[in-house]
Amino acid sequence: DMDDPDNAGLAECLYRGEFEQNASLSDTYQLFCAQVSLADFLVIAAEAVMSFLAVGESKTILAQGFRLLFRYGRTTAFEG
């Protein structure tokens with residue numbers, strides 16, 4: 001629900017684009033949509049952000065853990 005206050009800014013991040021690049025996750029997903037489901041892509045993107053923002057030794061440990069434990073195969077459900 002994009003009108004829920006808890007989701008403020010989510011639409012810009014997911015599909016409208018923001019910042020100077022005016023890029024969204026949807027734009028980036030188009031580069032990978034033939035290789036991975038949208039559901040898996042969103043998990044990968046979230047884990048990439050967490051790894052990028054981690055500091056010190058935890059940065060490497062977190063990234064390695066995500067890579068080791070990632071499970072492909074999520075399916076994307078669409079509401080209509």
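At 9% relative accessibility, Phe-41 counts as buried, where buried means under 20% relative accessible area, exposed means over 50%, and partly exposed is anything in between (1.4 Å probe, protein chains only). Keep in mind that this is a predicted model: local features need pLDDT of at least 70, side-chain atom pairs count only at pLDDT 80 or more, and totals for chains, interfaces and linings use all residues. Residues are numbered from 1 along each chain as its sequence is written, and side-chain values use heavy atoms, with hydrogens and water left out.

- A pair of aromatic rings is described by the distance of the centres and the angle of the planes.
- There are two aromatic pairs in the structure; rings of Phe, Tyr and Trp (its six-membered ring) pair if their centres lie within 6.5 Å, and planes under 30 degrees apart count as stacked, over 60 as edge-to-face and the rest as tilted.
- Tyr-29 and Phe-41 make a tilted pair, with 5.2 Å centre to centre and 55 degrees between the planes.
- Tyr-29 sits in helix α2 and Phe-41 in helix α3, so this pair ties together parts that are 12 residues apart in sequence.
- Both Tyr-29 and Phe-41 are buried.
- Phe-32 and Phe-41 make a stacked pair, at 6.2 Å centre to centre and 25 degrees between the planes.
- Phe-32 counts as partly exposed because its relative accessibility is 40%.
- Put together, Tyr-29, Phe-32 and Phe-41 form one aromatic cluster.

**Helix α3**

- With 16 residues, α3 reaches 22 Å from its first C-alpha to its last, close to the 22 Å expected at 1.5 Å a residue (the expected span is 1.5 Å times one less than the number of residues).
- The buried residues in α3 are Ala-39, Asp-40, Phe-41, Ala-45, Glu-47 and Ser-51.
- Their cover includes α2 (25-29) and α4 (57-69).

- Which element holds Asp-40? Asp-40 lies in helix α3, which covers residues 38-53.
- Asp-40 counts as buried because its relative accessibility is 3%.
- A search of the whole structure turns up one salt bridge, meaning a side-chain nitrogen of Lys or Arg within 4 Å of a carboxyl oxygen of Asp or Glu.
- That is where the side chains of Asp-40 and Arg-74 meet, at 2.6 Å, N to O.
- The pair links distant parts of the chain, with Asp-40 in helix α3 and Arg-74 in the segment after α4, 34 residues apart.
- Arg-74 is partly exposed, with a relative accessible area of 33%.
- Leaving aside neighbours within four places in sequence, Asp-40 is in contact with Phe-70, Arg-71, Tyr-72, Gly-73 and Arg-74; contact means heavy atoms within 4.5 Å.

**The whole protein**

- The protein has four helices and zero strands; helices (H or I, at least four residues) and strands (E, at least two) are DSSP runs, numbered from the N terminus.
- Its C-alpha trace spans about 40 × 30 × 25 Å along the principal axes.
- Buried residues make up 18% of the 80 residues.
- Among contacts between residues at least 6 apart in sequence, 30% join residues at least 24 apart.
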